[in-house]
Structure formats: structure tokens, C-alpha cells
Amino acid sequence: MLVASLIPFLFLILLFLFIPLFFMIYGSFQADGGTGFSFKQYQEIFQNEYYRQAFKNSILISLLSSFIATLLAIFATYSITHFSSRIQNRVLIFANLTSNFAGIPLAFAFIVLLGNSGLFTLLFKHFGWETLSSFNVYSWSGLVLIYLYFQLPLAVMLLYPVYQGINKHWKEAASLLGASSTQFWLRIGIPIILPSIAGTFSILFANAMGAYASAYALTGSTYNLVTIRIGALTTGDIFAKPELGSAIAGLLGLTLVGAMLLNEWLTRKVRRDLS
């Protein structure tokens with residue numbers, strides 16, 4: 001009975017995960033037009049500076065946005081735990097909504113608010129404030145800001161249960177032994193939550209590496225990211241090259257798997273050092 005109930009679930013996994021994955025890997029080892037087995041697509045990626053730059057940009061913006069979001073979430077989540085349960089629930093609901101507000105609507109919202117003729121840009125200019133005069137939402141800074149918008153709420157939701165797991169009696173015991181709040185967090189609190197922080201950073205990195213719609217809606221094809229290159233090669237501005245897009249997608253998947261394995265190794269190492 002249990003096996004029979006799992007059949008629809010396994011069928012969905014096969015249909016929407018493994019079959020597309022198989023055809024993607026198969027297509028990445030095909031010559032242009034699917035005319036035969038070839039390593040040409042991977043050779044093109046490693047030999048072409050344009051595609052290497054796409055991976056470099058994607059990794060850089062993912063690392064930067066994940067690091068900033070994780071760092072801010074550490075302090076923001078700790079502050080949230082000091083509110084009442086009612087306010088905490090409302091903040092988490094808001095965080096859940098904002099973490100899912102991404103893609104084209106998010107890019108459009110930032111353009112309306114911070115674009116060249118955006119609401120805040122014109123408002124600041126009207127009052128003579130030059131704060132936003134040098135800010136360009138369509139640049140690298142704008143991309144990082146958009147990534148932070150949906151990365152930070154996700155980091156807060158991931159770290160919130162970690163802070164809830166810290167027993168308040170530990171703080172009381174440390175205080176009775178003469179430890180200050182800073183000493184408690186340096187010697188007890190941070191080592192306990194450190195593996196979870198590493199796991200959160202890994203999830204944020206994967207989330208940023210796979211982001212497509214927000215970056216494309218904001219910058220189009222002017223900024224070179226892996227996901228934008230995959231989309232361009234799949235749809236094709238002039239000629240589509242799905243085989244090359246499949247190869248880039250395969251390398252993107254390997255990058256994410258490598259990041260997850262590295263995080264798992266670091267997490268085990270941290271836990272072993274603490275035990």
C-alpha cells in the first residue's frame with residue numbers, strides 16, 4: 001500500500017526532473033543541430049572568454065549577495081526573536097512574502113522606484129538631495145540590491161528556527177558563571193549556529209546562481225550572467241543553440257553541486273571541531 005501511494009510521486013519526479021535532466025545532458029554532448037556526439041560545446045565554453053566571464057560574474061554576484069544577506073540576517077533574526085510572538089509571526093509572514101516577490105515584478109518595482117525617472121529618484125531630486133544622483137539601478141549595484149531583496153528574507157526564515165533552538169537557560173547558566181552576553185555568543189551561541197549559517201549561505205548561493213528573470217528584466221542581455229546566456233542560447237536572438245545552452249546548464253549544475261559538497265564538508269568539519 002505504501003509503495004503504491006508513492007507511485008504518483010515517483011512518476012512526477014521522473015517526468016519533471018530526471019527526463020529533462022537526461023535530455024539536457026544528452027544534448028550537451030551533441031554537435032550543433034544534434035548531428036552527433038561531440039565535446040564541441042564544452043570546448044567552446046572553456047575557450048570562449050565571453051562564457052567564462054558569465055560564470056565569473058554569476059559566481060561573484062552570488063557570493064557577494066549571499067554573504068551580505070547572511071551577515072544582515074544574523075543580526076536581523078536575532079533582533080526579531082526579542083519581539084513578542086505575535087509580532088514575530090507577522091514579521092515571518094512578511095519575510096515569506098518578500099522572499100517570493102522576485103522575477104519581472106521585482107525588477108519593475110525597482111525601476112519604478114529607483115530608475116532614472118523613478119519615484120524616489122525624482123523625489124530626492126525635488127528636495128535637492130543628491131543621495132540617488134550617482135546610483136544606477138541598471139548597473140552592478142542595482143543587481144546586487146535586487147538580489148539582496150529576495151535573499152535577505154529567505155536567510156531570515158532559514159536562521160529563525162536556529163535562534164529558537166538556543167535555550168534561554170544556557171544564557172542564564174552562563175550569566176550565573178560570570179559570562180557576559182558577548183562572551184556567551186562568542187563561546188557558545190556562535191559555535192552552535194555556525195553550521196546553520198554555513199548551510200544558509202550555501203542555499204542562498206544556489207538561489208542566486210539560478211536567478212534569471214529579475215536580472216534579465218532589469219538589464220536585459222547587457223550584463224553577462226550564466227542564466228541569461230542559457231536563456232539567450234535556448235531562445236536565440238538570431239540562431240538558437242540549445243546544445244551549447246545545455247552544456248552551460250550542465251556546468252552550472254556541477255557548480256551548485258560542488259558548492260553543496262563544499263558546504264557539507266565545512267559543516268561536518270565545524271561540528272567535529274565543536275564536539
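The following exercises, each with a worked solution, concern the predicted model shown above.

Residues are numbered from 1 along each chain as its sequence is written. Because the model is predicted, local features need pLDDT of at least 70 and side-chain atom pairs count only at pLDDT 80 or more, while totals for chains, interfaces and linings use all residues, and side-chain values use heavy atoms, without hydrogens and water.

**Exercise 1. Determine how many helices and strands the chain has, and what share of its residues is buried.**

Step 1. Helices are DSSP runs of H or I with at least four residues, strands are runs of E with at least two, and both are numbered from the N terminus. The chain has 12 helices and 0 strands.

Step 2. Buried means under 20% relative accessible area, exposed over 50%, and partly exposed in between, with a 1.4 Å probe and protein chains only. Of the 275 residues in the chain, 37% are buried.

Step 3. The C-alpha trace spans about 75 × 65 × 40 Å along its principal axes.

**Exercise 2. Classify the aromatic pair of Phe37 and Phe39, and state how accessible each residue is.**

Step 1. Rings of Phe, Tyr and Trp (its six-membered ring) pair if their centres lie within 6.5 Å; planes under 30 degrees apart are stacked, over 60 edge-to-face, and the rest tilted. This rule gives 19 aromatic pairs.

Step 2. The rings of Phe37 and Phe39 are 5.3 Å apart centre to centre, with 85 degrees between the planes, and form an edge-to-face pair.

Step 3. Phe37 is exposed at 63% relative accessible area, whereas Phe39 is partly exposed at 47%.

**Exercise 3. Classify the pair of Tyr78 and Tyr163, and state which helices it ties together.**

Step 1. The ring centres of Tyr78 and Tyr163 are 6.0 Å apart and their planes lie at 50 degrees, so the pair is tilted.

Step 2. Tyr78 lies in helix α3 (residues 49-80) and Tyr163 in helix α7 (residues 140-164); the pair therefore ties together parts 85 residues apart in sequence.

Step 3. Tyr78 is partly exposed at 27% relative accessible area, whereas Tyr163 is buried at 9%.
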